[in-house]
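Thanks for making time, everyone.

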Amino acid sequence: MRLHRTFALAAAAIATAVAMAGCGGGSTGTTSSSGSSGSTTITYWASDQGSSIADDYTVLSPELAKFQKQTGIKVKLEVIGWADLLNRILAATTSGQGPDVVNIGNTWSASLQATGALLPWTGQNFSSIGGESRFVSSALGSTGAGGKPPTAVPLYSLAYALYYNKALFRQAGIAGPPATWAELAADGKKLTHGGVYGLAIEGASIPENIHHAFVFAKQHGCDFFDSSGHPTFTMPGCVQGVQQFVNLMGADKIVNPADAQYDQNQSVSDFASGKAAMLMWQAAGSNLKAHGMSPGQYGIAPVPVQSGAPGQGTSVDSMVAGINIAIFKNSRNLAAAEKFVKFMTSDGEQMVLSSKYGSIPPISSALQSPQFATPELSVLRNVLSTSAAPLPQVPGESQFEQLVGTAIKNLFADAAAGHPVSAQTVQQQLASAQQQMSG
Amino acid sequence: MVVGVFISFKALTQLYLAQWRDAPWAGLANYRIAVDFNAAVGQALLHSFVVTCAFTALAVGLSWLFGTAAAILAQDRFRGRGVLRAVFLTPYALPVYASVITWAFMFQYDNGLINHVLHDELGVTSRPTFWLLGDNSFIALVTVSVWRNWPFAFLVVMAGLQAIPRELYEASAIDGAGVWQQIRRVTMPSLRPINQVLVLVLFLWTFNDFTTPYVLFGNASPQPADVISVHIYQASFLTWNFGEGSAMSVLLLLFLLLVTGAYLIVTSRRRRHA
């Protein structure tokens with residue numbers, strides 16, 4: 001009797017704990033494409049590039065109709081928000097049930113390349129879309145690990161620039177935008193008073209933290225990974241770079257402590273509403289317009305460097321930001337998918353899509369068009385071609401983003417609470433992140 | 001779950017995602033990494049486990065206390081009792097995501113309601129407080145969890161109280177028992193079977209709660225509020241090391257099994273002896 005009772009209790013315990021443990025899997029991907037009644041249909045997962053997902057449908061739908069008219073291939077479009085896109089791709093990778101064509105953040109390129117789920121762009125595949133030489137070389141540098149065929153091709157390019165509020169600069173008696181960090185800190189101190197801060201940042205956003213920390217570390221001669229792909233987070237240059245970034249809030253006090261918890265583009269709205277005088281952002285123009293700030297109210301300059309002018313090596317002032325387009329290797333419509341990628345990267349489509357999204361075409365011939373010679377895009381174009389560098393193209397990149405991005409978020413939390421952010425504190429946080437990479 | 005256990009013995013990293021069945025066997029390596037408390041991964045997991053235990057103990061304790069106290073106070077008939085009960089149950093009836101995101105807005109540093117009241121209106125704090133960063137994030141997490149779960153305790157205890165015969169209270173009153181003595185000697189012993197299940201369910205819900213911390217803090221929880229459900233999610237989905245994440249999940253499952261089993265055995269023995 002007692003045995004039965006104990007057994008029943010154990011069974012109840014197992015049933016309850018199993019029910020509550022909630023160790024479920026990820027979401028399933030959508031079904032793969034299928035050919036029906038002679039016409040081919042492919043599935044395309046687009047990233048959210050517009051002001052909303054609905055906006056993306058409005059932008060892309062006429063272009064897809066154009067493609068169908070040209071080729072007879074129907075494209076089933078699904079626009080996926082950034083918060084879900086990577087998880088959806090991972091689910092599609094594991095289940096083998098995914099789209100034919102997908103947009104990816106270009107920093108994920110090497111990590112997704114390592115999964116083996118995406119079609120490698122060998123010379124032959126490249127020639128089917130017009131050849132590798134059509135693409136801008138800086139954008140191609142962010143398509144996968146070196147020495148292996150890339151598994152994605154550039155679709156939209158972006159770079160960081162410094163946006164500054166002209167009226168606030170005039171009021172503070174500052175003639176022009178800062179070119180070095182020392183100048184930025186000095187200008188920031190003049191601009192910080194009465195509820196206005198010199199600079200707005202997105203302190204709780206993991207991607208933003210990583211993008212800036214990468215540039216700061218580069219400027220101190222550190223790459224976060226060595227040539228064989230091993231993490232070097234605790235090298236002095238990386239520690240100095242991260243510390244300098246966090247100390248814009250901690251020591252220079254030109255950033256509102258409230259920014260430490262920003263991760264929903266609040267820094268853009270603070271800049272647009274005049275609560276902050278400077279902002280480092282990728283092609284913020286359309287975003288600022290949506291917040292009611294007209295192009296005449298702000299100026300655009302390259303992000304500062306330690307000294308001298310932006311360039312390569314320790315004078316890098318932006319990551320190569322952008323979106324790549326990839327084909328799932330197990331697609332049953334590879335030829336149709338390649339045709340679609342060719343269409344999306346064609347000069348004509350690049351002109352249409354880049355102008356609608358405010359991005360820069362990664363195609364050399366399209367880039368020369370006068371329509372991309374606006375003050376904003378001229379600066380971004382110049383940064384991209386002369387002083388931007390791709391984030392480390394190593395398989396562990398996504399892990400690096402998560403671990404180091406979180407470490408920087410914690411450091412900003414310390415700075416916001418008024419705790420000094422010493423080199424030792426930064427070193428400890430980065431060392432912990434590095435050990436978890438190796439683990 | 002079986003697949004989860006299977007994966008925990010595999011070195012399933014991003015390199016094998018597309019052919020995850022072909023990932024090499026890792027033996028107990030994932031478990032060894034997870035419980036190696038001298039290395040960063042194990043230390044982080046242990047820290048997260050301790051935080052989760054403290055969070056669960058506080059949140060379950062307070063939810064039970066508030067729920068029971070409110071149920072006892074609302075037991076006697078008075079004007080507006082029905083309305084009050086309905087109001088008490090509101091947090092439980094609201095969709096989790098919507099209510100937690102509202103709390104996240106209220107906890108904002110510069111324009112949140114809580115800082116507005118505490119700092120701007122009442123002047124309790126000398127400067128606005130960060131509720132979603134640093135040490136205070138733990139307080140924020142416990143607050144939201146208690147707010148969400150206490151109505152459930154209230155509901156269950158209220159139902160339990162209906163089953164206690166009025167005669168027991170009348171008899172104890174004749175014997176000279178005061179309110180406290182009635183609660184201690186009549187109410188609580190009668191509620192024991194109810195409480196046994198209630199505390200267990202609250203424990204499991206709170207220990208595994210993913211939505212509340214995830215919605216409050218996003219992908220990267222602050223260290224003082226780094227509870228285990230989000231920690232494991234980060235260890236697998238964000239760093240793409242599914243083998244290690246699964247090993248941590250299995251360890252969590254074993255821990256919950258152990259606690260649940262021990263709890264049921266101890267409480268049922270006590271009931272038999274009572």
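Let's start with a sheet in chain A: four strands, open, in the order β7-β8-β6-β9. The pairing there is mixed. Before I go on, keep in mind that this is a predicted model. From one strand to the next, the twist averages 20 degrees.

Now, which strands stand at the edges of this sheet? Those are β7 (197-200) and β9 (298-301) of chain A. Each has a single partner strand, so one side of each has no neighbour in the sheet. For β7(A), we can look at the pairing with β8 of chain A, residues 276-282: the two run parallel and are joined by three bridges. One pairing to find on your screen is A:Ala200, whose bridge partner in β8(A) is A:Leu279.

The largest nonpolar core has 191 residues. Which residues have the most contacts inside it? They are A:Tyr163, A:Val242, A:Leu279, A:Phe340 and A:Val404. And here chain B comes in: helix α7 of chain B, residues 136-162, gives this core its largest share, 11 residues.

Let me zoom in on A:Tyr163. If you skip its neighbours within four places in sequence, A:Tyr163 is in contact with A:Phe271, A:Met278, A:Leu279, A:Trp281, A:Ala284, A:Tyr298 and A:Ile300.

Helix α10 of chain A, residues 236-250, packs with α17(A) at an angle of about 35 degrees, and their axes are 9 Å apart. The crossing of these two is right-handed. On the α10(A) side you'll find A:Val242, A:Val246, A:Met249 and A:Gly250. They meet A:Ile408, A:Leu411, A:Phe412, A:Ala415 and A:Ala416 in α17(A). By class, that contact has eight nonpolar residues, one polar and no charged ones.

Staying with α17(A), let's turn to the contact between the chains. Chain A puts in 42 residues and chain B puts in 42 residues. On the chain A side, at least two residues each come from α1 (2-21), α3 (82-95), α4 (109-115), α17 (397-416) and α18 (423-438). α1(A) supplies the largest share of that side, 10 residues. Sort the residues of that side by class and you get 21 nonpolar, 19 polar and two charged.

Is A:Gln399 buried or exposed? It's buried, because 21 other C-beta atoms lie within 10 Å, and 20 or more is the cut-off for buried. Leaving out residues up to four places away in sequence, A:Gln399 touches A:Met437, B:Thr239 and B:Trp240. As for A:Pro304, 95 residues away along the chain, its C-alpha atom is separated from that of A:Gln399 by 28 Å.

Last stop, chain B as a whole. How many helices and strands does chain B have? The count is 12 helices and zero strands. Its C-alpha trace spans about 75 × 55 × 30 Å along the principal axes. Of the 274 residues in chain B, 39% are buried. And if you take the contacts in chain B between residues at least 6 apart in sequence, 65% of them join residues at least 24 apart.

Definitions and conventions: Residues numbered from 1 in each chain as written. Chains lettered and ligands numbered in written order. Predicted model: local features only at pLDDT ≥ 70, side-chain atom pairs only at ≥ 80, totals over all residues. Contact = placed C-beta atoms within 7 Å. Nonpolar A, V, L, I, M, F, W, Y, C, P; charged D, E, K, R; others polar. Axes fitted to C-alpha atoms, helices over the stretch in contact; angles between N-to-C directions. Left-handed = near helix turned anticlockwise from the far one by under 90°. Core = buried A, V, L, I, M, F, W, Y, C linked by C-beta atoms within 7 Å. Buried ≥ 20, exposed ≤ 12 C-beta atoms within 10 Å, placed from the backbone. Pairing = 2+ DSSP bridges.
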